[in-house]
Amino acid sequence: MPSDVDVEPGTLLVAAPSLLDSNFRRTVVYVIDHRGEGTLGVVLNRPSDVPVDDVLPNWGPHVTQPGAVYVGGPVEQKTALCLAAMRTGVAVDGVRGLIGVRGPVALVDLDADPDALAPKFRGLRVFAGYSGWDVGQLAGEIDRGDWIVVPALPGDVVAPADEDLWGRVLRRQGMPLALLATHPGDVREN
C-alpha cells in the first residue's frame, strides 16, 4: 500500500521537525488535490509582506486578517490561488465561482465577483504559488519521514497569522504526535 494512501483533498501535511528545507520547515500544507497525476496544496502558515490590496484590490477588503498574500509554496509563485471557509449552513455545490475541496472549504475563482461571494465566507485567504508533488514523490517523502498526514479543520485555512498553526495542529493529534509540538525551532535554543 502506498504511503500517501491517507492523503486526500482536505487533509494536512505537517512538516516533521526533521524537515529542514527552507520552503517547508515547520509548515502546514492544506491538500487541495491528490490523484494519479500528483498532489497540489498550499502552505497555510507563511504570510508574506504583500497586502492583497496591492495585487487583487477587489478581493483585499474581503480577506481574513492579516490582509496579506500567503506564500502557498515554491511552485509558480506568480500564480494566485484562493481558499475560503464557508459560513455555517452555506453549501459550496452549485455556487458559481467556487469549487468544493472538502466540507465547507472551497477553491475560489478570483475572476468571480467578490461582492457576490464574500457574504458566503467566514474567512478567505489568497496564496501566491503552491506546493506540488509528482506521482510517487509525496509517498517517498512520507516514507522518509518528512510529512505527517492528519485531518484538517475548516478553521485551519484561515488561522490567525500570529498563531503557531504547526504546533496547534500537532497538539490536537494526541500522543505521541502532540509531543512533536514541543520541538524547538532551533535545537541550539533548547
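**Buried strand residues and salt bridges in a predicted model**

At 4% relative accessibility, Val 150 counts as buried (under 20% relative accessible area, with exposed meaning over 50% and partly exposed in between, for a 1.4 Å probe and protein chains only). The structure is a predicted model, in which local features need pLDDT of at least 70 and side-chain atom pairs count only at pLDDT 80 or more, whereas totals for chains, interfaces and linings use all residues. Residues are numbered from 1 along each chain as its sequence is written, and side-chain values use heavy atoms, with hydrogens and water left out.

Val 150 belongs to strand β10, which spans residues 147-151; helices (H or I, at least four residues) and strands (E, at least two) are DSSP runs numbered from the N terminus. Apart from residues up to four places away in sequence, Val 150 is in contact (heavy atoms within 4.5 Å) with Thr 11, Leu 12, Val 14, Val 169, Gln 173 and Leu 177. The C-alpha atoms of Val 150 and Leu 165 are 13 Å apart, with 15 residues separating the two along the chain.

Ser 131 is part of strand β9, residues 121-134. Its side chain reaches the backbone oxygen of Gly 72 at 3.0 Å. Beyond neighbours within four places in sequence, the contacts of Ser 131 include Phe 24, Val 29, Thr 39, Leu 40 and Pro 74.

Seven salt bridges are counted, each defined as a side-chain nitrogen of Lys or Arg within 4 Å of a carboxyl oxygen of Asp or Glu. One of them joins Glu 37 to Arg 35, with the closest N and O atoms 3.7 Å apart; Glu 37 is exposed, at a relative accessible area of 59%. Another joins Asp 146 to Arg 144, where the closest N and O atoms are 2.4 Å apart. In this pair Asp 146 is buried, with a relative accessible area of 8%, while Arg 144 is exposed at 59% relative accessibility.

The side chains of Asp 156 and Arg 172 also form a salt bridge, at 2.6 Å from N to O. This pair links distant parts of the chain, 16 residues apart: Asp 156 lies in the loop between β10 and α4 (165-171), and Arg 172 in the segment after α4. Asp 156 is buried at 1% relative accessibility, whereas Arg 172 is partly exposed, with a relative accessible area of 31%. Both residues belong to a network of salt bridges that also links Glu 163 and Arg 168.

Technical notes:
A polar contact is a pair of N or O atoms within 3.5 Å; within protein, one must be able to donate a hydrogen and the other to accept it, and residues adjacent in sequence count only if both atoms are side-chain atoms.
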